[in-house]
Amino acid sequence: MKTKIFGLLLFLFVFFAPTFAYADEYSSNEVNFSVTSGVVIGDTESTFDKTRTITGWSENGSVISISLNKKNASGTLNNYANYEIEIGPTGLFSQTVELEIGENIIYIEACKNGKNTSGASCVIKRKNRLIKTELENGISIPGINTMIALY
Amino acid sequence: MTVIIMKLSKIQNFVIIALVIATVVQTGKLWLYDNDGHNFFYTVFADFINDGSTYSGETYILEPSSIITGYGNKKFSKFYCESDNSGIYDLGNDGIKELFSKGEFLEKSQLDWDSFLISKCLIFKYSQSVNINDFETSFGKNKDLKNDFNFNSILIYPQMNYGSTLKISFVDLEKEESYNYKITSSKVSKDIYDAIEKRQNNEIKSDNQITYISTKQSGFNIFYDNVFVPQWTENQIEYSLLKRTNPFEQNGDFSVSIFESYIDDFFDNSTSKWSEVNEQGGYLFSDDNTVVKYSVTGLLEYFNYKAVDENVEESFIKSYSAAKNFIKSDNSLKTDIYLENWYKENDEYIFCFNYTVNNMPLIPSDILKEMNNLDYCIEISVKNNSVRKYRRIAYNYEKENKTGLINKEFIKALDETVMINYQNSGGSIVTNVDDIKLAYYMSGKDSIKLRWFTTINNNVYSVSCEK
């Protein structure tokens, strides 16, 4: 009889007792944000443009940080520009950044008090616009090394 | 000799008859100009004498409210028809004219802004829906376009080679669909492409600080329409303030003689008008059918009381053409304008124009609107192709030597506006924004500044462009 009562109590305890789970243990608790245009996260692309407009959305009250960096000859990352945008009630952000000629490594982070920072990066290779003009004005004939200019 | 005398006599008779006829006509116009029933020669001359009350002249192409050039790299440039010095607006119209001559219908497709804006393009944006058949009449064409639809925007896609294909899409925002056409071997495709390239290169060389982005392409779905908003790289940029001038003033004072010299063109016979000064100090000139007023609040008004010819075939484009032609005759207007709105009320078409300076629109202040009972800078009413009423804020606007600063970008302005709307509406959340733009606010002050204007549920909110 005692065994049965004990078994019943154990059954009730296992299936009906409240279970406490802390959010930190079961989710990342990172700031939720997304880049909707301007760059492709994780991607490398080329451009002739001097500027790029990065747009997206994030949580109200968070801060988006955009840092632009270039690698020097020794491979060290040099930061040359930073932008900070406070996110308001619409949750939107839009920032036009200036690119330098060469490989620009862009880091985008979203942070908010009480939440983990989340981030992403991408690479944009900016080429000199004069190259674009030369490419448009000239033609290349297979087998010939010289570009013939159309003037 | 006798023969010569007889011939001279005949010539003399013809000359006398011609002089008599001319005298009767001139007297009729001077004294009986609107009393056709009293004119003995009415039935003979009715087809030859245009009394100007019903417009039957040049047909004007319906102008877009704004023009956007897309460079294919998610950057755009926005400007207005009257301030276009590059000729790109005319080239766009040439392309549309080609469509109405030899264009082929391709397909009707779902609206996809991402694919629509990926290439170089020229965009004509209209403030209202336009019917394609009405629009075609303004080009003097009558081609069967295989479809009857309304559109809000026209997108023109040129190519860089001679005789290449030109594609044109008409976008219907309400139905979220587009009607796509092409012109094979277009004569203007390359010209439009080159004009867009040239504009882009000029902007790069001039270090133009302001560029435009598309809200749809940027993923900002809170906007109902595809709105082109200004962006800049620096934390703040300088811009020119505006000043206003009164074309009827001389040495700071209103001049009746200058005013009269401008308004004589509004009268069929300027010598027969009479004038008076009202209690508020405004001026009024009038004859039997026309009244022109100037008020101290800076409002110029014209009223036409001639009987309307009900037999005249009225159309939207003819009414628009009458309005445009009338505005062209207002020599006191020196500021560029653009068509902001139109609607029909009590059998009259009402066309509303605002001013534009420095590639930015001008919006009348609330006080200016209230004082003059005017929502736009110019409102013109047309009935049966005849202008009945013309009201405009009489000042002209131009850049002055002073500058202002913009350091609040559009999202900050939108955030502020959303909070204001939240407070005013008792806590309702904004899910749809109609429009947002930078515009000069036409206050009574001498230096006119830019402000952000956001339209939510047809309510316009204004916030400063400085933090």
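**Salt bridges and a surface patch in the predicted complex**

A salt bridge joins the side chains of Lys108(B) and Glu177(B), with an N to O distance of 3.9 Å. The pair connects distant parts of the chain, 69 residues apart: Lys108(B) belongs to strand S3 (residues 104-110) of chain B, and Glu177(B) to strand S7 (residues 177-183) of chain B. Lys108(B) is partly exposed, its relative accessible area being 49%, whereas Glu177(B) is buried, at 10% relative accessibility. The model is predicted, and the predictor assigns the complex an ipTM of 0.78 and a pTM of 0.83.

Over all chains, the whole structure contains 18 salt bridges. Within helix H6 (residues 189-205) of chain B, Asp194(B) and Lys190(B) lie four residues apart, about one turn of the helix. These two residues form a salt bridge in which the closest N and O atoms are 2.9 Å apart. Asp194(B) is partly exposed, with 32% relative accessibility, while Lys190(B) has 17%. Lys190(B) is classed as buried because its value falls under the 20% cut-off.

A further salt bridge in chain B is formed by the side chains of Lys437(B) and Asp435(B), at 4.0 Å from N to O. In this pair Lys437(B) is buried, with a relative accessible area of 16%, and Asp435(B) is partly exposed, with a relative accessible area of 23%. The values of 16% for Lys437(B) and 23% for Asp435(B) fall on either side of the 20% limit for burial.

In chain A, salt bridges link Glu59(A), Lys112(A) and Lys115(A) in a network. Chain A also carries a nonpolar surface patch made up of Met1(A), Ile5(A), Leu8(A), Leu9(A), Phe11(A) and Leu12(A). Together these residues have about 640 Å² of accessible area. Met1(A), one of the patch residues, is located in the segment before helix H1 (2-16) of chain A. Its relative accessible area is 75%, so Met1(A) counts as exposed, the cut-off being over 50%.

Confidence was also examined along chain B. The mean pLDDT of chain B is 88, and 94% of its residues reach 70 or more. Over residues 33-52 of chain B, pLDDT remains under 50. For this segment, the model has 17 contacts beyond four places in sequence.

Technical notes:
Residues are numbered from 1 along each chain as its sequence is written. Chains are lettered from A and ligands numbered from 1 in the order in which they are written. This is a predicted model: local features need pLDDT of at least 70, side-chain atom pairs count only at pLDDT 80 or more; totals for chains, interfaces and linings use all residues. Side-chain values use heavy atoms; hydrogens and water are left out. pLDDT is the predictor's confidence in each residue, from 0 to 100. Contact means heavy atoms within 4.5 Å. Patches are made of residues with over 30% relative accessible area and no salt bridge: like charges are joined within 9 Å, nonpolar side chains (Val, Leu, Ile, Met, Phe, Trp, Tyr) within 5 Å. Accessible areas come from the Shrake-Rupley method with a 1.4 Å probe; for residues, only the protein chains shown count as cover. Helices (H or I, at least four residues) and strands (E, at least two) are DSSP runs, numbered from the N terminus. Buried means under 20% relative accessible area, exposed over 50%, partly exposed in between (1.4 Å probe, protein chains only).
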